[in-house]
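Please examine the chain shown below, and work through each exercise before reading its solution.

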Amino acid sequence: MGDEALAQGALDAGLSGVYAYPGTPSTEITEYIQAAPEARERKVHNRWSANEKTAMEAALGMSFAGKRALVCMKHVGMNVAADCFVNAAITGVRGGLIVVAADDPGMHSSQNEQDSRFYGDFALIPMYEPSNQQEAYEMAYRGFDFSEQTGEPVLMRLVTRLAHSRSGVIRHEPQTVPALPAVSDASQFVLLPGIARRRYRALLEKQTELLKASEESPYNLYTDGLDKSLGIIACGIGYNYLMENYPDGCPYPVLKIGQYPLPRRQLTKIAAECDSLLVIEDGQPFVEKQLKGYLGNALRIKGRMDGTLPPDGELNPDIVAHALGMDNQSVFDASPLVEMRPPALCEGCGHRDMYTILTKVLREEYPEHRVFGDIGCYTLGAGAPFHAIHSCVDMGASITMAKGASDAGIYPAVAVIGDSTFTHSGMTGLLDCVNEQADVTVIISDNETTAMTGGQDSAGTGRLESICAGIGVAPEHIRVVVPLKKNYEEMENILREELNYHGVSVIIPRRECIQTLVRKKRNNK
Ligand SMILES: Cc1ncc(C[n+]2csc(CCOP(=O)(O)OP(=O)(O)O)c2C)c(N)n1
(Lines give C-alpha, C1' and ligand atoms only; values in the text may rest on other atoms or scores of the structure.)
Protein backbone atom coordinates (compact mmCIF):
# COMPACT_ATOMS: atom_id res chain seq x y z
CA MET A 1 0.00 0.00 0.00
CA GLY A 2 1.10 3.58 -0.57
CA ASP A 3 0.86 4.09 3.20
CA GLU A 4 3.12 1.09 3.82
CA ALA A 5 5.64 2.15 1.18
CA LEU A 6 5.90 5.53 2.84
CA ALA A 7 6.33 3.93 6.27
CA GLN A 8 9.06 1.60 4.99
CA GLY A 9 10.81 4.55 3.35
CA ALA A 10 10.80 6.41 6.66
CA LEU A 11 12.13 3.34 8.51
CA ASP A 12 14.88 2.87 5.93
CA ALA A 13 15.79 6.53 6.33
CA GLY A 14 16.61 6.04 10.02
CA LEU A 15 13.32 7.19 11.56
CA SER A 16 13.35 7.65 15.34
CA GLY A 17 9.66 8.16 15.94
CA VAL A 18 6.22 8.27 14.35
CA TYR A 19 3.54 10.38 16.01
CA ALA A 20 -0.03 10.15 14.78
CA TYR A 21 -3.72 10.09 15.52
CA PRO A 22 -5.67 7.57 13.43
CA GLY A 23 -7.62 8.81 10.44
CA THR A 24 -8.48 7.22 7.11
CA PRO A 25 -6.58 7.05 4.78
CA SER A 26 -3.42 7.66 6.87
CA THR A 27 -3.83 5.05 9.65
CA GLU A 28 -1.88 2.23 8.02
CA ILE A 29 1.37 4.22 8.00
CA THR A 30 1.61 4.09 11.78
CA GLU A 31 0.19 0.57 11.99
CA TYR A 32 2.89 -0.65 9.61
CA ILE A 33 5.62 0.89 11.78
CA GLN A 34 4.00 -0.55 14.92
CA ALA A 35 4.22 -4.03 13.37
CA ALA A 36 7.70 -3.67 11.83
CA PRO A 37 10.35 -5.82 13.55
CA GLU A 38 13.07 -3.24 12.83
CA ALA A 39 11.00 -0.55 14.56
CA ARG A 40 10.81 -2.74 17.66
CA GLU A 41 14.55 -3.53 17.54
CA ARG A 42 15.52 0.11 17.14
CA LYS A 43 12.89 1.31 19.63
CA VAL A 44 11.27 3.64 17.12
CA HIS A 45 8.52 5.52 18.97
CA ASN A 46 5.15 4.44 17.57
CA ARG A 47 2.34 4.86 20.12
CA TRP A 48 -0.79 6.77 19.14
CA SER A 49 -1.07 10.37 20.26
CA ALA A 50 -4.20 11.91 21.80
CA ASN A 51 -4.80 14.09 18.73
CA GLU A 52 -3.02 15.53 15.70
CA LYS A 53 -1.80 18.63 17.49
CA THR A 54 -0.14 16.66 20.27
CA ALA A 55 1.38 14.41 17.58
CA MET A 56 2.77 17.36 15.62
CA GLU A 57 4.23 18.96 18.74
CA ALA A 58 5.84 15.74 19.97
CA ALA A 59 7.43 15.21 16.55
CA LEU A 60 8.77 18.76 16.60
CA GLY A 61 10.23 18.02 20.02
CA MET A 62 11.95 14.93 18.63
CA SER A 63 13.31 17.01 15.77
CA PHE A 64 14.50 19.63 18.28
CA ALA A 65 16.47 16.82 19.95
CA GLY A 66 18.18 16.06 16.61
CA LYS A 67 16.26 12.95 15.57
CA ARG A 68 14.13 12.11 12.57
CA ALA A 69 10.38 12.21 13.14
CA LEU A 70 7.28 11.48 11.10
CA VAL A 71 3.79 12.87 11.80
CA CYS A 72 0.75 11.32 10.10
CA MET A 73 -2.85 12.38 9.90
CA LYS A 74 -5.82 12.55 7.64
CA HIS A 75 -6.49 15.89 5.94
CA VAL A 76 -8.91 17.23 8.59
CA GLY A 77 -6.23 16.45 11.17
CA MET A 78 -4.26 19.29 9.59
CA ASN A 79 -6.91 21.68 10.92
CA VAL A 80 -6.24 20.36 14.42
CA ALA A 81 -2.44 20.40 14.06
CA ALA A 82 -2.36 23.70 12.18
CA ASP A 83 -1.19 25.93 15.02
CA CYS A 84 1.99 23.97 15.58
CA PHE A 85 2.35 23.07 11.90
CA VAL A 86 2.43 26.67 10.66
CA ASN A 87 4.74 27.78 13.46
CA ALA A 88 7.09 24.84 12.90
CA ALA A 89 7.93 26.46 9.55
CA ILE A 90 9.09 29.53 11.46
CA THR A 91 11.04 27.67 14.15
CA GLY A 92 12.47 25.39 11.50
CA VAL A 93 13.69 21.91 12.42
CA ARG A 94 16.88 20.16 13.53
CA GLY A 95 16.30 16.43 12.92
CA GLY A 96 14.40 15.80 9.66
CA LEU A 97 10.65 16.17 10.02
CA ILE A 98 8.06 14.89 7.54
CA VAL A 99 4.39 15.72 8.02
CA VAL A 100 2.04 13.42 6.12
CA ALA A 101 -1.44 14.66 5.29
CA ALA A 102 -3.60 12.04 3.62
CA ASP A 103 -6.36 13.74 1.66
CA ASP A 104 -9.64 12.11 0.78
CA PRO A 105 -10.94 13.47 -2.54
CA GLY A 106 -14.42 12.11 -3.06
CA MET A 107 -14.95 11.89 0.71
CA HIS A 108 -14.78 8.09 0.92
CA SER A 109 -14.72 8.44 4.70
CA SER A 110 -14.53 12.11 5.57
CA GLN A 111 -16.74 15.10 6.13
CA ASN A 112 -14.99 17.30 3.56
CA GLU A 113 -12.42 17.08 0.76
CA GLN A 114 -10.05 19.94 1.62
CA ASP A 115 -6.70 19.96 -0.16
CA SER A 116 -3.71 19.95 2.20
CA ARG A 117 -1.42 21.53 -0.38
CA PHE A 118 -2.90 24.88 0.63
CA TYR A 119 -1.48 24.30 4.11
CA GLY A 120 2.03 23.74 2.78
CA ASP A 121 1.80 26.86 0.66
CA PHE A 122 0.38 28.83 3.59
CA ALA A 123 3.22 27.71 5.86
CA LEU A 124 5.80 28.34 3.07
CA ILE A 125 7.41 24.92 3.36
CA PRO A 126 8.40 22.41 0.67
CA MET A 127 5.89 19.75 -0.30
CA TYR A 128 5.98 16.35 -1.94
CA GLU A 129 3.11 14.71 -3.78
CA PRO A 130 3.85 11.13 -4.89
CA SER A 131 2.29 9.75 -8.05
CA ASN A 132 2.79 6.10 -7.11
CA GLN A 133 3.90 3.78 -4.30
CA GLN A 134 7.55 3.80 -5.35
CA GLU A 135 7.63 7.57 -5.16
CA ALA A 136 5.93 7.47 -1.76
CA TYR A 137 8.85 5.26 -0.65
CA GLU A 138 11.52 7.45 -2.30
CA MET A 139 10.13 10.69 -0.96
CA ALA A 140 10.06 9.37 2.60
CA TYR A 141 13.52 7.83 2.16
CA ARG A 142 15.07 11.08 0.91
CA GLY A 143 12.72 13.58 2.54
CA PHE A 144 14.45 13.61 5.92
CA ASP A 145 17.75 14.59 4.30
CA PHE A 146 15.95 17.35 2.42
CA SER A 147 14.27 18.55 5.61
CA GLU A 148 17.63 18.67 7.41
CA GLN A 149 19.29 20.49 4.50
CA THR A 150 16.61 23.15 4.24
CA GLY A 151 15.99 23.27 7.99
CA GLU A 152 12.25 23.03 7.33
CA PRO A 153 9.55 20.42 7.82
CA VAL A 154 8.43 18.76 4.59
CA LEU A 155 4.74 18.22 3.96
CA MET A 156 3.88 15.06 2.08
CA ARG A 157 0.44 14.93 0.56
CA LEU A 158 -1.19 11.61 -0.23
CA VAL A 159 -4.65 10.82 -1.54
CA THR A 160 -6.84 7.85 -0.64
CA ARG A 161 -6.38 6.03 -3.94
CA LEU A 162 -2.60 6.04 -3.57
CA ALA A 163 -2.56 5.44 0.19
CA HIS A 164 -4.75 2.34 -0.13
CA SER A 165 -3.76 0.79 -3.44
CA ARG A 166 -0.92 -1.69 -3.84
CA SER A 167 2.17 -2.17 -5.94
CA GLY A 168 5.62 -3.65 -5.67
CA VAL A 169 8.26 -1.28 -4.29
CA ILE A 170 12.04 -1.51 -4.57
CA ARG A 171 13.79 -0.62 -1.34
CA HIS A 172 17.14 1.08 -0.80
CA GLU A 173 19.80 0.20 1.72
CA PRO A 174 18.57 1.12 5.23
CA GLN A 175 20.47 4.14 6.56
CA THR A 176 21.96 4.33 10.00
CA VAL A 177 21.73 7.98 10.79
CA PRO A 178 23.64 9.38 13.74
CA ALA A 179 21.35 11.80 15.60
CA LEU A 180 22.26 15.43 15.10
CA PRO A 181 23.16 17.33 18.25
CA ALA A 182 20.06 18.75 19.93
CA VAL A 183 19.40 22.43 19.44
CA SER A 184 21.64 24.31 21.87
CA ASP A 185 20.73 27.92 21.06
CA ALA A 186 17.05 27.40 21.67
CA SER A 187 16.16 30.95 20.67
CA GLN A 188 15.29 29.50 17.26
CA PHE A 189 12.36 27.82 18.96
CA VAL A 190 11.31 30.76 21.13
CA LEU A 191 8.79 32.53 18.95
CA LEU A 192 8.66 35.83 20.78
CA PRO A 193 7.79 38.58 18.29
CA GLY A 194 11.38 39.88 18.03
CA ILE A 195 12.72 36.43 17.17
CA ALA A 196 9.71 35.39 15.11
CA ARG A 197 10.02 38.44 12.85
CA ARG A 198 13.64 37.54 12.14
CA ARG A 199 12.81 33.87 11.58
CA TYR A 200 9.87 34.71 9.33
CA ARG A 201 12.06 36.96 7.16
CA ALA A 202 14.61 34.12 6.94
CA LEU A 203 11.81 31.76 5.87
CA LEU A 204 10.78 34.19 3.14
CA GLU A 205 14.38 34.45 1.95
CA LYS A 206 14.60 30.64 1.91
CA GLN A 207 11.89 30.49 -0.75
CA THR A 208 14.47 31.04 -3.51
CA GLU A 209 16.36 27.95 -2.33
CA LEU A 210 13.13 25.93 -2.16
CA LEU A 211 12.15 27.02 -5.65
CA LYS A 212 15.57 26.01 -6.98
CA ALA A 213 15.19 22.60 -5.31
CA SER A 214 11.82 22.16 -7.05
CA GLU A 215 13.27 23.15 -10.40
CA GLU A 216 16.02 20.57 -10.01
CA SER A 217 13.82 17.89 -8.45
CA PRO A 218 13.58 14.46 -10.10
CA TYR A 219 9.90 14.48 -9.08
CA ASN A 220 9.14 17.42 -11.39
CA LEU A 221 9.60 15.88 -14.77
CA TYR A 222 9.08 17.47 -18.18
CA THR A 223 8.41 15.12 -21.09
CA ASP A 224 8.19 16.56 -24.56
CA GLY A 225 5.35 15.72 -26.96
CA LEU A 226 4.80 16.38 -30.65
CA ASP A 227 1.35 17.93 -30.42
CA LYS A 228 1.81 21.41 -28.93
CA SER A 229 -1.85 22.36 -29.12
CA LEU A 230 -2.05 21.29 -25.49
CA GLY A 231 0.38 21.04 -22.59
CA ILE A 232 -0.57 18.94 -19.58
CA ILE A 233 0.40 19.61 -15.99
CA ALA A 234 -0.30 16.48 -13.97
CA CYS A 235 0.12 16.49 -10.19
CA GLY A 236 0.70 13.47 -7.98
CA ILE A 237 -1.65 10.62 -8.79
CA GLY A 238 -3.14 12.75 -11.59
CA TYR A 239 -0.02 11.77 -13.56
CA ASN A 240 -0.95 8.08 -13.24
CA TYR A 241 -4.52 8.78 -14.34
CA LEU A 242 -3.16 10.56 -17.40
CA MET A 243 -0.59 7.94 -18.39
CA GLU A 244 -3.05 5.05 -18.02
CA ASN A 245 -4.75 6.55 -21.05
CA TYR A 246 -1.52 6.63 -23.06
CA PRO A 247 0.30 3.30 -22.62
CA ASP A 248 2.51 4.15 -25.64
CA GLY A 249 3.33 7.67 -24.48
CA CYS A 250 1.39 10.91 -24.34
CA PRO A 251 1.29 12.92 -27.60
CA TYR A 252 1.28 16.22 -25.69
CA PRO A 253 4.10 17.76 -23.64
CA VAL A 254 3.60 16.78 -20.00
CA LEU A 255 4.93 18.38 -16.84
CA LYS A 256 4.63 15.96 -13.97
CA ILE A 257 4.53 17.72 -10.61
CA GLY A 258 5.68 15.92 -7.46
CA GLN A 259 7.40 18.68 -5.54
CA TYR A 260 6.35 22.20 -4.54
CA PRO A 261 6.76 25.20 -4.61
CA LEU A 262 5.83 24.93 -8.28
CA PRO A 263 8.90 24.81 -10.54
CA ARG A 264 8.62 28.17 -12.26
CA ARG A 265 11.17 27.44 -15.00
CA GLN A 266 9.41 24.29 -16.27
CA LEU A 267 6.02 25.99 -16.05
CA THR A 268 7.19 28.89 -18.14
CA LYS A 269 8.65 26.46 -20.67
CA ILE A 270 5.49 24.39 -21.14
CA ALA A 271 3.36 27.55 -21.24
CA ALA A 272 5.59 29.10 -23.92
CA GLU A 273 5.50 25.96 -26.05
CA CYS A 274 1.82 25.09 -25.96
CA ASP A 275 -1.36 26.80 -27.12
CA SER A 276 -3.30 25.86 -24.00
CA LEU A 277 -2.74 24.01 -20.73
CA LEU A 278 -4.73 21.34 -18.92
CA VAL A 279 -4.14 20.88 -15.18
CA ILE A 280 -4.92 17.45 -13.75
CA GLU A 281 -4.90 17.50 -9.96
CA ASP A 282 -6.86 15.45 -7.44
CA GLY A 283 -8.43 17.76 -4.88
CA GLN A 284 -8.95 21.46 -5.26
CA PRO A 285 -7.58 23.64 -8.11
CA PHE A 286 -4.43 24.49 -6.16
CA VAL A 287 -2.06 24.59 -9.15
CA GLU A 288 -4.66 25.88 -11.58
CA LYS A 289 -5.24 28.98 -9.42
CA GLN A 290 -1.54 29.64 -9.04
CA LEU A 291 -0.95 29.31 -12.78
CA LYS A 292 -3.28 32.18 -13.47
CA GLY A 293 -1.03 34.23 -11.19
CA TYR A 294 2.19 33.00 -12.80
CA LEU A 295 1.11 33.12 -16.41
CA GLY A 296 -1.68 35.66 -16.50
CA ASN A 297 -4.76 35.16 -18.64
CA ALA A 298 -2.99 35.16 -22.00
CA LEU A 299 -2.93 31.37 -22.13
CA ARG A 300 -6.05 29.24 -21.96
CA ILE A 301 -5.85 27.17 -18.77
CA LYS A 302 -8.22 24.25 -18.46
CA GLY A 303 -8.98 22.16 -15.42
CA ARG A 304 -11.44 22.04 -12.58
CA MET A 305 -12.22 25.75 -12.69
CA ASP A 306 -13.44 26.03 -16.28
CA GLY A 307 -15.44 22.80 -16.19
CA THR A 308 -13.08 20.66 -18.30
CA LEU A 309 -12.78 18.48 -15.18
CA PRO A 310 -15.50 18.23 -12.51
CA PRO A 311 -15.10 20.78 -9.69
CA ASP A 312 -15.37 18.15 -6.94
CA GLY A 313 -14.83 14.48 -6.27
CA GLU A 314 -12.03 12.08 -7.02
CA LEU A 315 -10.51 11.93 -10.50
CA ASN A 316 -9.92 8.65 -12.32
CA PRO A 317 -8.52 7.62 -15.73
CA ASP A 318 -11.95 7.82 -17.37
CA ILE A 319 -12.66 11.34 -16.20
CA VAL A 320 -9.22 12.39 -17.46
CA ALA A 321 -9.87 10.61 -20.80
CA HIS A 322 -13.13 12.47 -21.15
CA ALA A 323 -11.35 15.80 -20.52
CA LEU A 324 -8.97 14.90 -23.34
CA GLY A 325 -11.81 14.14 -25.74
CA MET A 326 -11.40 10.36 -25.53
CA ASP A 327 -14.02 7.90 -24.43
CA ASN A 328 -12.26 5.24 -22.41
CA GLN A 329 -14.21 2.99 -20.11
CA SER A 330 -11.42 1.28 -18.23
CA VAL A 331 -13.11 1.63 -14.85
CA PHE A 332 -15.85 -0.95 -14.42
CA ASP A 333 -19.05 0.70 -13.26
CA ALA A 334 -20.77 -1.70 -10.88
CA SER A 335 -23.51 0.67 -9.79
CA PRO A 336 -26.28 -0.88 -11.91
CA LEU A 337 -25.50 -4.28 -10.39
CA VAL A 338 -25.00 -3.50 -6.72
CA GLU A 339 -27.71 -2.26 -4.41
CA MET A 340 -26.64 0.72 -2.25
CA ARG A 341 -26.23 -0.32 1.36
CA PRO A 342 -25.87 2.63 3.72
CA PRO A 343 -23.43 1.86 6.55
CA ALA A 344 -25.02 0.87 9.84
CA LEU A 345 -23.89 0.12 13.40
CA CYS A 346 -22.80 -3.50 13.88
CA GLU A 347 -25.22 -5.96 15.40
CA GLY A 348 -24.21 -6.29 19.04
CA CYS A 349 -22.65 -2.81 19.29
CA GLY A 350 -23.16 -0.92 22.55
CA HIS A 351 -23.88 2.32 20.68
CA ARG A 352 -27.10 0.64 19.48
CA ASP A 353 -28.35 0.07 23.02
CA MET A 354 -27.41 3.61 23.98
CA TYR A 355 -29.40 5.05 21.04
CA THR A 356 -32.36 2.74 21.67
CA ILE A 357 -32.84 4.22 25.12
CA LEU A 358 -31.83 7.77 24.23
CA THR A 359 -34.32 8.06 21.37
CA LYS A 360 -37.08 6.38 23.35
CA VAL A 361 -36.80 8.74 26.34
CA LEU A 362 -36.16 11.91 24.35
CA ARG A 363 -38.93 11.37 21.80
CA GLU A 364 -41.57 10.35 24.33
CA GLU A 365 -40.76 12.78 27.12
CA TYR A 366 -38.67 15.70 25.77
CA PRO A 367 -39.99 16.63 22.32
CA GLU A 368 -37.96 19.87 22.23
CA HIS A 369 -34.67 18.01 22.64
CA ARG A 370 -31.64 18.38 20.37
CA VAL A 371 -28.80 15.87 20.17
CA PHE A 372 -25.37 17.10 19.07
CA GLY A 373 -23.39 14.24 17.59
CA ASP A 374 -19.71 13.80 16.96
CA ILE A 375 -17.38 11.80 14.76
CA GLY A 376 -17.00 8.06 15.19
CA CYS A 377 -19.04 4.90 14.70
CA TYR A 378 -21.84 6.46 16.73
CA THR A 379 -22.31 9.06 13.95
CA LEU A 380 -24.23 6.24 12.30
CA GLY A 381 -26.98 7.05 14.81
CA ALA A 382 -27.91 9.73 12.27
CA GLY A 383 -29.23 7.06 9.92
CA ALA A 384 -31.92 4.41 10.14
CA PRO A 385 -33.32 3.13 12.41
CA PHE A 386 -32.42 5.75 15.03
CA HIS A 387 -32.29 9.15 13.26
CA ALA A 388 -31.01 10.28 16.62
CA ILE A 389 -28.56 13.15 16.05
CA HIS A 390 -28.98 16.65 14.74
CA SER A 391 -25.35 17.62 14.09
CA CYS A 392 -21.95 16.18 13.20
CA VAL A 393 -19.35 18.80 12.29
CA ASP A 394 -15.84 18.08 13.55
CA MET A 395 -14.18 16.03 16.27
CA GLY A 396 -15.14 17.40 19.69
CA ALA A 397 -17.91 19.69 18.45
CA SER A 398 -20.74 17.77 20.14
CA ILE A 399 -20.11 19.06 23.66
CA THR A 400 -19.38 22.64 22.67
CA MET A 401 -22.29 22.88 20.22
CA ALA A 402 -24.61 21.49 22.90
CA LYS A 403 -23.28 24.18 25.24
CA GLY A 404 -23.90 26.97 22.73
CA ALA A 405 -27.39 25.66 21.99
CA SER A 406 -28.12 25.40 25.69
CA ASP A 407 -26.83 28.96 26.18
CA ALA A 408 -29.36 29.93 23.51
CA GLY A 409 -32.21 28.25 25.40
CA ILE A 410 -32.46 24.76 23.92
CA TYR A 411 -33.47 22.15 26.48
CA PRO A 412 -32.54 19.40 26.78
CA ALA A 413 -29.22 19.82 24.96
CA VAL A 414 -27.54 16.44 24.70
CA ALA A 415 -24.05 15.66 23.37
CA VAL A 416 -23.10 12.18 22.13
CA ILE A 417 -19.36 11.59 21.81
CA GLY A 418 -17.07 8.55 21.71
CA ASP A 419 -14.26 7.85 24.16
CA SER A 420 -11.43 8.56 21.70
CA THR A 421 -13.10 11.70 20.37
CA PHE A 422 -13.62 12.87 23.94
CA THR A 423 -9.91 12.73 24.74
CA HIS A 424 -9.03 14.02 21.25
CA SER A 425 -10.83 17.33 21.67
CA GLY A 426 -13.97 16.97 23.78
CA MET A 427 -12.32 17.47 27.17
CA THR A 428 -11.62 21.18 26.74
CA GLY A 429 -15.25 21.78 25.77
CA LEU A 430 -16.37 19.94 28.89
CA LEU A 431 -14.25 22.37 30.93
CA ASP A 432 -16.11 25.28 29.28
CA CYS A 433 -19.38 23.63 30.34
CA VAL A 434 -18.18 23.13 33.91
CA ASN A 435 -16.90 26.69 34.19
CA GLU A 436 -20.31 28.06 33.30
CA GLN A 437 -22.40 25.29 34.84
CA ALA A 438 -24.02 24.79 31.43
CA ASP A 439 -27.21 22.75 31.32
CA VAL A 440 -25.94 19.90 29.17
CA THR A 441 -26.08 16.13 29.31
CA VAL A 442 -22.98 14.56 27.81
CA ILE A 443 -23.05 10.90 26.79
CA ILE A 444 -19.58 9.44 26.32
CA SER A 445 -20.36 6.20 24.52
CA ASP A 446 -17.32 4.20 25.58
CA ASN A 447 -16.40 1.10 23.56
CA GLU A 448 -12.82 1.27 24.91
CA THR A 449 -11.28 1.69 21.48
CA THR A 450 -11.07 3.94 18.45
CA ALA A 451 -13.42 1.76 16.47
CA MET A 452 -14.21 3.77 13.38
CA THR A 453 -10.63 3.68 12.15
CA GLY A 454 -10.08 0.00 12.90
CA GLY A 455 -9.72 -0.41 16.66
CA GLN A 456 -6.64 1.52 17.75
CA ASP A 457 -5.95 2.19 21.43
CA SER A 458 -8.03 4.98 22.92
CA ALA A 459 -6.07 7.49 24.99
CA GLY A 460 -8.42 7.63 28.00
CA THR A 461 -9.37 3.97 28.40
CA GLY A 462 -9.97 3.17 32.08
CA ARG A 463 -9.76 6.81 33.14
CA LEU A 464 -12.80 8.59 31.75
CA GLU A 465 -14.56 9.03 35.11
CA SER A 466 -11.45 10.45 36.76
CA ILE A 467 -10.82 12.75 33.79
CA CYS A 468 -14.39 14.09 34.03
CA ALA A 469 -14.09 14.49 37.80
CA GLY A 470 -10.73 16.22 37.36
CA ILE A 471 -12.31 18.64 34.91
CA GLY A 472 -14.85 19.45 37.60
CA VAL A 473 -18.01 17.47 36.83
CA ALA A 474 -19.70 16.67 40.16
CA PRO A 475 -18.98 12.97 40.92
CA GLU A 476 -22.68 12.25 41.55
CA HIS A 477 -23.40 13.37 37.99
CA ILE A 478 -20.87 11.03 36.41
CA ARG A 479 -22.93 7.90 35.76
CA VAL A 480 -21.62 4.66 34.32
CA VAL A 481 -23.99 2.11 32.76
CA VAL A 482 -23.55 -1.12 30.84
CA PRO A 483 -25.53 -0.80 27.60
CA LEU A 484 -27.26 -4.18 27.45
CA LYS A 485 -30.92 -5.06 27.05
CA LYS A 486 -31.17 -6.35 30.60
CA ASN A 487 -30.17 -2.87 31.86
CA TYR A 488 -32.60 -0.83 29.77
CA GLU A 489 -34.74 0.19 32.73
CA GLU A 490 -31.72 1.39 34.71
CA MET A 491 -30.41 3.24 31.62
CA GLU A 492 -33.76 5.01 31.17
CA ASN A 493 -33.90 6.07 34.81
CA ILE A 494 -30.36 7.41 34.84
CA LEU A 495 -30.95 9.31 31.62
CA ARG A 496 -34.14 10.89 32.98
CA GLU A 497 -32.42 11.90 36.23
CA GLU A 498 -29.57 13.58 34.42
CA LEU A 499 -31.77 15.30 31.84
CA ASN A 500 -33.75 16.77 34.74
CA TYR A 501 -30.59 17.99 36.46
CA HIS A 502 -29.86 21.55 35.27
CA GLY A 503 -26.09 21.43 35.26
CA VAL A 504 -23.32 19.39 33.67
CA SER A 505 -23.82 15.65 33.73
CA VAL A 506 -21.87 12.89 32.07
CA ILE A 507 -23.32 9.46 31.35
CA ILE A 508 -20.85 6.79 30.28
CA PRO A 509 -22.43 3.72 28.66
CA ARG A 510 -19.45 1.35 28.62
CA ARG A 511 -19.19 -1.94 26.75
CA GLU A 512 -16.29 -3.22 24.65
CA CYS A 513 -16.54 -2.82 20.87
CA ILE A 514 -17.97 -6.01 19.39
CA GLN A 515 -15.32 -6.02 16.66
CA THR A 516 -12.32 -5.81 19.01
CA LEU A 517 -13.96 -8.40 21.27
CA VAL A 518 -14.37 -10.85 18.38
CA ARG A 519 -10.80 -10.15 17.23
CA LYS A 520 -9.42 -10.79 20.73
CA LYS A 521 -11.36 -14.05 21.04
CA ARG A 522 -10.08 -15.17 17.65
CA ASN A 523 -6.50 -14.31 18.58
CA ASN A 524 -6.78 -16.12 21.93
CA LYS A 525 -7.93 -19.27 20.12
C1 LIG B 1 -9.57 15.61 13.04
C2 LIG B 1 -9.91 14.19 12.76
N3 LIG B 1 -9.02 13.23 13.05
C4 LIG B 1 -9.30 11.94 12.79
C5 LIG B 1 -10.50 11.60 12.23
C6 LIG B 1 -10.77 10.14 11.90
N7 LIG B 1 -11.72 9.58 12.86
C8 LIG B 1 -13.03 9.56 12.64
S9 LIG B 1 -13.86 8.97 13.93
C10 LIG B 1 -12.48 8.69 14.81
C11 LIG B 1 -12.42 8.12 16.19
C12 LIG B 1 -13.62 7.61 16.72
O13 LIG B 1 -13.35 6.97 17.95
P14 LIG B 1 -14.36 7.08 19.11
O15 LIG B 1 -14.70 8.50 19.38
O16 LIG B 1 -13.85 6.33 20.28
O17 LIG B 1 -15.67 6.41 18.53
P18 LIG B 1 -15.90 4.91 17.96
O19 LIG B 1 -15.63 4.95 16.50
O20 LIG B 1 -14.99 4.01 18.72
O21 LIG B 1 -17.33 4.63 18.22
C22 LIG B 1 -11.40 9.06 14.09
C23 LIG B 1 -10.05 8.90 14.57
C24 LIG B 1 -11.40 12.64 11.93
N25 LIG B 1 -12.58 12.42 11.36
N26 LIG B 1 -11.09 13.91 12.21
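The exercises that follow concern a predicted model and treat its domains, an interface and its nonpolar cores.

**Exercise 1.** State which domains the assignment gives for the chain.

Solution. The domain assignment places domain 1 at 2-205, domain 2 at 221-323 and domain 3 at 350-518.

**Exercise 2.** Describe the interface of domain 1 and domain 2.

Solution. Begin with the separation: the C-alpha centres of domain 1 and domain 2 are 27 Å apart. To the contact, domain 1 gives 23 residues and domain 2 gives 20 residues. Next, consider area: about 1,800 Å² is buried between domain 1 and domain 2, with 52% of it on carbon and sulfur atoms. On the side of domain 1, R117, E129 and S131 lose the most area to domain 2, together 30% of what that side buries. Finally, consider polar interactions: three salt bridges are found across the interface of domain 1 and domain 2, and 13 residue pairs are in polar contact there.

**Exercise 3.** Identify which residues touch the most other members of the largest nonpolar core, and where that core draws its residues.

Solution. The largest nonpolar core has 52 residues, and L70 and I232 touch the most other members. Helix 7 (residues 133-150) supplies the largest share of this core, seven residues. Domain 1 (2-205) and domain 2 (221-323) each contribute at least three residues to this core. Beyond its neighbours within four places in sequence, I232 is in contact with residues including L242, Y252, I270 and L324. Another core, of 48 residues, lies apart from the largest one; among its members are A413, A438, V442 and Y488.

Conventions
Residues numbered from 1 in each chain as written. Predicted model: local features only at pLDDT ≥ 70, side-chain atom pairs only at ≥ 80, totals over all residues. Heavy atoms only, no water. Core = buried A, V, L, I, M, F, W, Y, C linked by side-chain atoms within 4.5 Å. Buried < 20%, exposed > 50% of the residue type's maximum accessible area, 1.4 Å probe, protein only. Helix = DSSP H or I, 4+ residues; strand = E, 2+ residues; numbered from the N terminus. Domains from an automatic or database assignment. Contact = heavy atoms within 4.5 Å. Buried area = accessible area lost by both parts, 1.4 Å probe. Salt bridge = Lys/Arg side-chain N within 4 Å of Asp/Glu carboxyl O. Polar contact = N/O pair within 3.5 Å; in protein donor to acceptor, adjacent residues only side chain to side chain.
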